[in-house]
Amino acid sequence: MRFRPPGLRRCRSTAHPIQLAAAILGLAACGDAATTAVEAPPDPEPPPIPSEATAWIEANSHAFEGSHLSLPHSDLSFLPGIVGDARIVSLGENTHGTRDFFEMKARILRFLVEEMGFTAFAIEATWPEARRLDHYVRTGEGDAAELLSGLYFWTWNTESVLEMIEWMRAHNEAGGDVGFHGFDMQYPGMALHNVREYVAAVDSAQAGAVATRLDCLGRFANDPSGRFPSPRYGDQTEIHRANCGASLDAVQQMLMDGRETYEAASGEEAFAVALQSMRVAIQYHLMITGVRGRDESMAENTVWIDRQLGPGARMVLWAHNFHVSAQPGAQGSFLRRAYGDAMLIVGFSHEAGTFTAVHQRGSSYLGLASLTLGRPNPLSYEHYLSTAAAPRYVVDLRNRDTSSEGASWLTGPRGFRAIGCCYDPGASYRYWSQSPLLEWYDVLIHYESTRPTVVLPSRYPTSF
């Protein structure tokens with residue numbers, strides 16, 4: 001969710017991400033000096049794509065009617081042949097604000113649950129907070145919109161994601177069994193709360209000592225609305241963070257040493273939640289100190305969720321194209337090592353249209369807006385894909401003979417677009433990078449044109 005293409009400045013603010021639009025509007029007045037308009041020369045027309053490439057795309061792709069999860073399954077009858085026996089299907093997105101991508105991912109989830117026996121969904125959101133939504137989709141208890149806000153990110157706080165959650169609830173209420181999970185670890189507040197509450201319940205004699213040890217991180221952790229105090233944990237001295245890491249490890253070791261006693265007192269599931277909560281807090285510490293990357297921890301959490309679900313489980317993942325991909329350092333690269341061909345990686349791309357992002361202009365951030373995609377770079381993957389007649393389609397990239405004239409363009413690397421939280425329409429070149437598509441993705445879903453997500457008002461839970 002924090003993915004930055006090369007050259008893109010990190011979109012940061014002391015405000016909470018969902019309030020980012022309001023917080024950064026104040027920068028607009030001091031970031032825009034009066035300038036004289038200069039007409040830019042027109043972009044040259046890109047070179048034509050060989051007709052053989054277009055014919056190959058059209059012969060090897062599956063068109064589908066639309067993206068909304070309410071549509072019948074009939075036009076997705078090709079999916080079982082693509083998914084096969086995969087245990088994990090990872091669904092990407094080329095921006096964090098494209099409604100069609102979100103709707104199609106929800107539609108694929110519904111298909112895989114209803115037609116192929118998938119039982120779990122996991123998103124690029126913090127693990128402890130996502131457990132509250134899992135409780136909602138299983139029991140109906142709570143306010144889905146409030147709990148969705150409680151994932152802290154405007155990117156997921158949308159009509160499309162809420163609609164998917166309500167479908168999951170309806171499916172379970174009718175006798176189904178699909179769970180909601182998060183695999184991220186960027187917010188330690190609820191994780192630390194879980195550990196303190198657990199130890200107080202099962203080992204009151206240790207509760208004070210544990211609370212003291214966790215305080216080195218806890219006093220810099222987020223509150224129930226996702227806001228962090230200032231200064232933050234990353235602003236502390238290296239000595240403080242090193243000592244804190246040792247304190248966090250000591251609490252984790254105490255839990256593991258007392259496992260038998262604690263499980264007898266609380267049950268295995270409650271202990272597992274406490275221990276994983278402790279692990280998430282440690283992962284946050286490792287990310288802030290630079291010892292371990294976020295994507296490796298997200299992969300670790302995904303494997304943990306999968307093991308908790310048991311050997312018969314099948315799971316759908318939701319994240320940015322970067323995270324699901326098999327490129328070095330991405331979450332998908334670690335999961336590929338763990339699951340091999342039992343994981344299917346699906347990327348999303350588009351030629352034109354609009355999307356939601358924080359509008360960036362140089363070093364100024366002007367708030368959430370519906371922005372327009374620049375035209376595809378000449379001879380990029382999107383340029384090739386845009387020549388097919390179908391407005392939306394799926395193409396399986398695996399086991400292709402790229403020696404043929406029609407498929408040689410797949411070998412790459414070629415330009416491939418990637419947009420994270422923020423977008424500068426005046427510098428669209430920053431959001432393209434040379435990518436070996438066949439190495440990083442198994443399947444691609446391409447759109448001729450897409451629409452922006454609709455971000456919902458924020459309503460946070462009042463407590464952890």
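The largest share of the lining of the largest cavity, 3 residues, comes from α4, where helices (H or I, at least four residues) and strands (E, at least two) are DSSP runs numbered from the N terminus. This is a predicted model, in which local features need pLDDT of at least 70 and side-chain atom pairs count only at pLDDT 80 or more, while totals for chains, interfaces and linings use all residues. Residues are numbered from 1 along each chain as its sequence is written, and side-chain values use heavy atoms, with hydrogens and water left out.

How many cavities of 30 Å³ or more does a search of the whole structure find? The search finds 2, a cavity being a set of points, on a 1 Å grid over the protein atoms alone, where a 1.4 Å probe fits but cannot get out, with lining residues having an atom within 4 Å of a point.

The largest cavity holds about 60 Å³ of space, a volume being the space filled by probe spheres set on grid points, which are joined across faces, edges and corners. Besides α4 (79-83), the elements that give two or more residues to its lining are β2 (88-91), β6 (343-361) and β12 (443-450). By class, this lining has 11 nonpolar, no polar and no charged residues, where Ala, Val, Leu, Ile, Met, Phe, Trp, Tyr, Cys and Pro count as nonpolar, Asp, Glu, Lys and Arg as charged, and the others, Gly among them, as polar.

Turning to the second largest cavity, its volume is about 40 Å³, and its lining has 6 nonpolar, 4 polar and no charged residues, including Ser-90, Phe-183 and His-323. Here α16 (331-339) and α15 (321-324) each supply at least two lining residues, and the largest share, 3 residues, comes from α16.

Technical notes:
1 Å grid on protein atoms, 1.4 Å probe; cavity = no way out; pocket = protein on both sides within 12 Å on 5 of 7 lines; lining within 4 Å.
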